[in-house]
Amino acid sequence: MSSATGNAQDNPQKPHAQRLFIGGEWVEPAGGHYEVVNPADESVVGLAPEASRGQVEDAARAAAAAFEGWSRTKPEERAAILDRAADIIQRGYEPWSALAQAETGAPTGIARGMQVGVGVARFRRYAKGALEPVERGLPPQVTEAGPMGAASILGALEVRQPVGVVTCITSYNNPWANPAGKVAPALAMGNTVVVKPAPQDPLSVFRMAEALHEAGVPAGVVNVVSGTSVEVGEAAVDSPDVDMVSFTGSTGVGQRIAEVCGRTMKRQLMELGGKGAAVVLADADLDAAVMGIGTTFSFYSGQICTAPTRVIVHRSVYEQLVEKLQGYLAFMKVGDPAVRGTVVGPVISAAHRDRVESYIELGRKEGARIAFGGERPVVGEGAAAGKGFYVAPTLLVDCTNDMRVVREEIFGPVVVVVPFDGDDDEAVALANDSDFGLISYVWSADAARAFRVARRLRAGGVGVNTIGRNMEAPFGGFKRSGVGRDVGSYALHAYSEMQSIVWA
C-alpha cells in the first residue's frame, strides 16, 4: 500500500482506493469508498473516500492548529513551496492529465492545457503572489489639540492579514484549475485550507494534495476531504474552526452556504451561476461572433459558467448568424474525448445529461425551434455503443426572454438565440433582464460603441469582440452570480482581511 496515497496496489485489476488527507496524514475514510465513474464510457476510474462529519471537523481542527505557524512563515518560504508544487505537478503532467480526462470526460487538449496546465500556471502565479507587498503606507494626518489629546501627526499603515482557515469547495468542471485558483492564493496569503472537491471527480484534487505534501507544506496546512453525503459539505461550512468559505458552484447551493456563513459572519467568496449574454449588434463580424459563441459547445461540453449561452442578436443579421452557427456545429465532432479530433465530450453524469435534455425538451414546448441537435448522440461501437453521458450540441432559436431556457442556467452544450429589433437600448435591456451577471459579451465593428454597451451591462466581466480572459483582471459576478472577486492579485485580497495600524 502506497505510503503517500494509500491506494490499493496489490491487485492491478482493482480500482485504486483513495485515502483522505488530514493533518499531513493519509487517513482511511470512516464511510468507506464510492466509485468515480468515467462519463465517457461509464467505467470505474477509482474509489473515492467518503468522509464522516467527524473527519471533516478533524480536518478543520488540523487547519486551525497549523494556522499560527504557517501564517508566520516568511513569504519567501511560502513562495518556494508553491513553486515546488508546480514543479511536481508539471512532472506528473501526463498521468494526471489522463486522470483528469477520465474523471471529467474532457477532450485531451482541454484536460492537458485548460485543466492540469492551468493548475501549474496558478501555482506559479501565486508563488510570485506570496512576495507581493501586504503593507501600504497612508498619508499622515495632522490633528489639532482637543478632547482626544495633544496635537499630533498620526501615521497609518494598511496591512493585509490572512483570514485564517479557508474551506475551499470546488466545482466538477475543472478539478485542477478551480482548486488551484483557491488553494494557491489562500496559501500564499498565509491561510490554511480544507478542500472539499466535487464528488464526481475528486481524485485529481488528491493528486494536488500529494504534490503540496511532497513540496513541503507543513502538516495541517492543506487538508482534503471528499464524499457524496450532504453532511460532508455542511461540516466543511459550519465548523467553528472555519473562518472563510470559498465556493464555486450553483447559485442555489451558494445561497444555502451564505445562510450558514451569515450565522457566525464567516467571510465568503462565491463564484456562482451564469447565463452569459452575447450581444451581437448589426455591424458585428459574424464569423468572429460565431467562433466566440461556439466555445459554449466545445469547452467542457457547455459546463462552464462563463459561456456565452444567451445570444441577443439584431434582427437584421439574425438569420445570417443562425445559419453560420448551424454551419459551425456541423463540423463539431461529438465522441470519445480520448480520440483525436473529438471536440465535444460527455457531460459529467447521467443525471446531468437527463437535466440538460429536459431543458431542450422544455425549450421545444415553450416555442423555441431546434435549429441543430436535440437528439442524444450514440457514441462507440459494438458492446460499447451507447455508453457515456453524451448530449448533442443544441441550438435553440426564435426564443423570447420570458422562456425558462433563456432565463435559467442549463450548464450544458445548449445555446439560445433571442432576436431584437430596436437600438442598443433594447439590447442592453434584454441582456440585463436576468438574475445572473457573471460574464457577458458584445460584438460590434465599432469599438467605441461596443465599449459603451459593455459599460451598461450588469455583469462582473464583459468581453468586447472576444471570449478571451485577462488572468490579472478581477473575476466575479453581479446579482446572483456571486460575491467577491478573485484572479490575479484580487485573489490575494479575497483571502485576506484589511487591518489598519495607526501611530503618533
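Modeller: Let's begin with holes. A cavity is a set of grid points where a 1.4 Å probe fits but cannot get out. Keep in mind that this is a predicted model.

Biologist: Okay, how many cavities of 30 Å³ or more does the count come to?

Modeller: The count is 4. The largest cavity has a volume of about 70 Å³. It is lined by 13 residues, and the closest to its centre are G274, T309, E409, I410 and F411. That lining splits into 6 nonpolar, 5 polar and 2 charged residues.

Biologist: And what classes of residue are in the lining of the second largest cavity?

Modeller: That one has 6 nonpolar and 5 polar residues, with no charged ones. Its volume is about 60 Å³, and its lining includes Y172, N173, Y300 and P346.

Biologist: Now helices. Which residues of helix 15 are buried?

Modeller: First the general idea: an α-helix has 3.6 residues a turn, so residues three or four places apart point the same way. Here, helix 15 runs over residues 447-456, and its buried residues are A450, V453 and A454. They lie on the same side of helix 15 because they cover an arc of only 105 degrees around the axis.

Biologist: What covers those buried residues?

Modeller: The cover includes helix 14 (424-432), strand 18 (439-443) and strand 19 (461-464). Turned away from the buried side are the exposed residues F451, R452 and R455.

Biologist: What happens at the start of helix 15?

Modeller: There, a side-chain oxygen of D446 comes within 3.1 Å of the backbone nitrogen of A448.

Note on methods
Residues numbered from 1 in each chain as written. Predicted model: local features only at pLDDT ≥ 70, side-chain atom pairs only at ≥ 80, totals over all residues. Heavy atoms only, no water. Buried < 20%, exposed > 50% of the residue type's maximum accessible area, 1.4 Å probe, protein only. Helix = DSSP H or I, 4+ residues; strand = E, 2+ residues; numbered from the N terminus. Arc of directions from axis to C-beta. Contact = heavy atoms within 4.5 Å. Polar contact = N/O pair within 3.5 Å; in protein donor to acceptor, adjacent residues only side chain to side chain. 1 Å grid on protein atoms, 1.4 Å probe; cavity = no way out; pocket = protein on both sides within 12 Å on 5 of 7 lines; lining within 4 Å. Points joined across faces, edges and corners; volume = space filled by probe spheres on them. Nonpolar A, V, L, I, M, F, W, Y, C, P; charged D, E, K, R; others polar.
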